[in-house]
Amino acid sequence: LALAVPQVVAHRMARMALAGHRPSARDQREFQMMSDEKTAAFNESWSAMAAASMRANQQLATSVMTTVLFPWSKYSATPDVLASQYHQAAMGVLDKGMAPVHRRAVANAKRLKNTRLK
């Protein structure tokens, strides 16, 4: 994202500046696609994060309940292990949420790299 996003933003901002108050049909398609992609990426991210959150909550609840109900069990987790599991769960949810954004940004950078502004 650190490389792809600035490239895409620079290209699109230059295109908007050159288009002026009367963008061409090609520019209008690009601007509409930009809006549509953002909406789609948000929806995909939201869904992926919700699904990852549900899976993480189930795993964390199982781990906590095992620890509380069976503290003598070999599957019982220490506070450090539980904290690590919470951290891993949070990072997993964020990773799932950023994947659609990353995929689109990289694809746009590749596509726009060979596209002329005018």
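Student: Where in the chain is Leu1 placed?

Tutor: Leu1 sits in the segment before H1, a helix (a DSSP run of H or I, at least four residues, numbered from the N terminus). Residues are numbered from 1 along each chain as written. The model is predicted, so local features need pLDDT of at least 70 and side-chain atom pairs 80 or more, while totals for chains, interfaces and linings use all residues; side-chain values use heavy atoms, without hydrogens and water.

At 34% relative accessibility, Leu1 counts as partly exposed (buried is under 20%, exposed over 50%, with a 1.4 Å probe and protein chains only). Together with Val5, Val9, Met13, Met16, Met98 and Val101, Leu1 forms a nonpolar surface patch of about 530 Å² accessible area (Shrake-Rupley, 1.4 Å probe). Such patches join nonpolar side chains within 5 Å, each residue having over 30% relative accessible area and no salt bridge. H1 and H3 each give two or more residues to the patch, and H1 gives the most, with 4.

Met98, one of the patch residues, also marks a kink of about 35° in H3, shortly before Pro100 (the angle between axes fitted to the seven residues ending there and the seven starting there).

Arg12 and Glu30 are both buried. Glu30 also pairs with Arg15, with N and O atoms 3.6 Å apart. Arg15 is buried too, because its relative accessible area is 1%.

Note on methods
Patches are made of residues with over 30% relative accessible area and no salt bridge: like charges are joined within 9 Å, nonpolar side chains (Val, Leu, Ile, Met, Phe, Trp, Tyr) within 5 Å. A salt bridge is a side-chain nitrogen of Lys or Arg within 4 Å of a carboxyl oxygen of Asp or Glu.
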